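Please consider the sequence and the three-dimensional structure shown here.

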Amino acid sequence: LASGGFGLTELAKHRPAFTGIANQFEHMPWEWIAFWDLIQPAFMFMVGVAMPFALASRRAKGATERQLLWHVASRSFRLILVSQLLSTIDAGQPHFQMINVLAQIGITYFACYLIMKLQFRWQAVIAFLLLAGHWALFVAFPGDQGPFLSITTNAGAKIDTFFLGHPNPDNWATINFITSTVTTLFGVWTGLLLQSPKPHIEKLRTLALSGLACLAVGYAIHPWNPIIKRICTSSFTLFSAGWVLLMLSAFYWIVEMKGWRKWTTPFVVVGANSIFIYCIANVLRGWIDRGVGSITYNFAWLGDFAPVAQSCAVLLVMWYLCYWLYQRKIFLKL
């Protein structure tokens, strides 16, 4: 995400052979899914995974349930506030929105905290009702080309138009948080599984089978509930969660079971300051790009591959900023 797609889109304009891989680093225009579409679900899933560990740590330090509620509520508010600041900086003027990933996480984070206090069967019921209710909402208020294929007149776009006066840019729907809450809830359940004393092999089996089940169900309902990221359909929620679970299964096997950890250091450096690099990429990427370009001359001597090299160089600068903080044990959190 911080790389801006590694410059592959620009490369593909001059080298059509790279179009296939370049398309995986862009959001799908509407129906179906690309690798890039898994970023936000993975963010939300990881938030959910971290919640049982973070809350358990605070309880171990003596935090009361009232203090935990205040902590979750205030962090949710800060996430939403930062999302507004970033969108305002990007627009150059005050700009209210709730489609930014931080805003959506702020909502789902708080919702999942309340949900996870219930017994598991009720959590599962709520997850089902959220997916079914979102589906029903789009069917009940179809646009001019049907419930899900009406890009500018679907239920999500109508709600945004009613409250904001216009649909969101690129047709993202604010009510995506409804189904995204289920994504974060999948993460909560995964965190509880990882927190449990069960053997590694049992955890891995549960992760892998759950991922395959989500893929199967998401794909099975696709003909009636198309896989669409921009309105976060129920099928997309399940299908993307399946891929994220399978990726986690692979990392769990490599890191936890095989013990191969040294290669993860570059990713740990970024993960330790994920909010920092996200904000830097949103606010200062253009400035860093110009600064690096003044030294590298935008790698013009590489010809068609210049955008790829320039994008990687900018990413390396942002990574080093995270590394500088990591070395000094400075971790910025909301």
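The paragraphs below treat helix packing, the nonpolar cores and several individual residues in turn.

The structure is a predicted model, in which local features need pLDDT of at least 70 and side-chain atom pairs count only at pLDDT 80 or more, while totals for chains, interfaces and linings use all residues. Residues are numbered from 1 along each chain as its sequence is written, and side-chain values use heavy atoms, with hydrogens and water left out.

An axis is a line fitted to C-alpha atoms, for helices over the stretch in contact, and angles between N-to-C directions run from 0 to 180 degrees. Angles under 35 degrees count as roughly parallel, over 145 as roughly antiparallel, 65 to 115 as roughly perpendicular and the rest as oblique.

The description of packing begins with helix H9 (residues 200-220) and helix H10 (residues 234-257), whose axes come within 7 Å and cross at roughly 160°. H9 and H10 are therefore roughly antiparallel to each other. The residues in the contact of H9 with H10 comprise 19 nonpolar, 7 polar and 2 charged. In this classification, Ala, Val, Leu, Ile, Met, Phe, Trp, Tyr, Cys and Pro count as nonpolar, Asp, Glu, Lys and Arg as charged, and the others, Gly among them, as polar. The crossing of H9 past H10 is left-handed, a term used if the near helix is turned anticlockwise from the far one by less than a right angle, with right-handed used if it is turned clockwise.

H10 also packs with H6, at an angle of about 140° and with the axes 9 Å apart. H6 and H10 are therefore oblique to each other. On the H6 side Leu131, His134 and Trp135 take part, and they meet Ser234, Thr237 and Leu238 of H10; contact means heavy atoms within 4.5 Å. The classes in this contact of H6 with H10 are 3 nonpolar, 3 polar and no charged residues.

Another pair is H3 and H4, which pack at about 135° with axes 10 Å apart. That angle makes H3 oblique to H4. The crossing of H3 and H4 is right-handed. Leu55, Arg58 and Arg59 of H3 make the contact with Glu65, Leu68, His71 and Val72 of H4. By class, the contact of H3 with H4 holds 3 nonpolar, 1 polar and 3 charged residues.

Val72, in helix H4, deserves a separate description. With a relative accessibility of 0%, Val72 counts as buried; buried means under 20% relative accessible area, exposed over 50% and partly exposed in between, with a 1.4 Å probe and protein chains only. Apart from neighbours within four places in sequence, Val72 is in contact with Leu55, Tyr109, Phe110 and Tyr113. The C-alpha atoms of Val72 and Phe110 are 6.2 Å apart, although 38 residues separate the two in sequence.

The next topic is the nonpolar cores, each a set of buried Ala, Val, Leu, Ile, Met, Phe, Trp, Tyr and Cys residues joined through side-chain atoms within 4.5 Å. In the largest nonpolar core, which has 30 residues, Met51, Leu185, Phe186 and Val188 touch the most other members. Two or more residues each come from helix H3 (39-60), helix H4 (65-91), helix H5 (101-115), helix H6 (120-140), helix H8 (176-195), H9 and H10. H8 gives the most to this core, with 7 residues. Beyond its neighbours within four places in sequence, Leu185 is in contact with Cys112, Ile115, Gln123 and Ala127. A second, separate core has 16 residues, including Val292, Ala306, Ala309 and Leu325.

Met46 lies in helix H3 and is partly exposed, with a relative accessible area of 49%. Leu149 is found in the loop between H6 and helix H7 (155-164) and, at 42% relative accessible area, is partly exposed. Leu149 touches Trp30 and Glu31, not counting residues up to four places away in sequence.

Conventions
Helices (H or I, at least four residues) and strands (E, at least two) are DSSP runs, numbered from the N terminus.
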